[in-house]
Amino acid sequence: MPAKHMPQLLSVMTPFPHQIDAGESIDAALALMAKHNIRHLPVLIDGNIETIISDRDIKRAQLIGHRGSTSDEWSVGDISQASAYFADVSDPLDQVLELMIKKQVEALVVLKDGAAAGIFTDTDACKVLVELLKSNYQPPVDDNAA
């Protein structure tokens with residue numbers, strides 16, 4: 001069997017991510033996530049993607065005992081995590097996955113010619129793994145089938 005080439009990030013990313021400005025409310029972020037059924041949003045500061053906010057970041061901020069009392073008091077920038085990680089559409093998938101593991105990030109912004117072209121998340125990685133498994137292995141045999 002001929003050797004397969006390592007997939008590039010372009011073939012497995014989620015294209016054209018929705019973005020949100022750091023000054024927007026977390027309620028606005030939640031509404032955008034719900035509308036598009038997504039869990040991560042690149043965050044713009046002065047027009048540049050600087051970080052990513054996740055639904056997990058928002059849930060953590062809403063916990064009792066967290067600073068503030070209601071979500072309308074915070075902006076996306078107030079609860080965003082550290083700087084975003086970036087990769088290029090041509091980057092080999094194995095290198096991207098190794099970076100995500102090493103840096104313990106669940107999402108990174110994908111660039112094409114220096115501009116945001118997509119996002120790659122842990123969910124996208126799981127989709128790749130499912131397809132790889134399905135294409136290389138037979139389903140288990142059901143011993144209880146009649």
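**Charged side chains and their surroundings**

Glu 106 counts as partly exposed, because its relative accessibility is 21%, where buried means under 20% relative accessible area, exposed means over 50%, and partly exposed lies in between, with a 1.4 Å probe and protein chains only as cover. This is a predicted model, in which local features need pLDDT of at least 70 and side-chain atom pairs count only at pLDDT 80 or more, while totals for chains, interfaces and linings use all residues. Residues are numbered from 1 along each chain as its sequence is written, and side-chain values use heavy atoms, with hydrogens and water left out.

Side chains of opposite charge can pair when their charged atoms come close. The structure holds four salt bridges, a salt bridge being a side-chain nitrogen of Lys or Arg within 4 Å of a carboxyl oxygen of Asp or Glu. One of them joins Arg 56 to Glu 106, with the closest N and O atoms 3.4 Å apart. This pair links distant parts of the chain, since Arg 56 is in helix H2 and Glu 106 is in the loop between helix H4 (93–103) and strand E6 (107–112), 50 residues apart; helices (H or I, at least four residues) and strands (E, at least two) are DSSP runs, numbered from the N terminus. Arg 56 is partly exposed, with a relative accessible area of 43%.

Which residue forms a salt bridge with Lys 59? The partner is Asp 55, and the closest N and O atoms of this pair are 3.9 Å apart. Asp 55 and Lys 59 are four residues apart in helix H2, so about one helical turn separates them. Asp 55 counts as buried at 17% relative accessibility, whereas Lys 59 counts as exposed at 54%.

Asp 57 forms a salt bridge with Arg 60, where the closest N and O atoms are 3.3 Å apart, and because these two residues are three apart in helix H2, they too are separated by about one helical turn. Asp 57 is buried, with a relative accessible area of 7%, whereas Arg 60 is partly exposed, with 38%.

Elsewhere, Ser 75 is found in the loop between helix H2 (55–61) and helix H3 (76–79), and it counts as buried at 16% relative accessibility. A polar atom of the Ser 75 side chain lies 3.3 Å from the backbone oxygen of Ala 22. Finally, Glu 50 is found in strand E4 (residues 48–54) and is partly exposed, with a relative accessible area of 34%.

Notes:
Polar contact = N/O pair within 3.5 Å; in protein donor to acceptor, adjacent residues only side chain to side chain.
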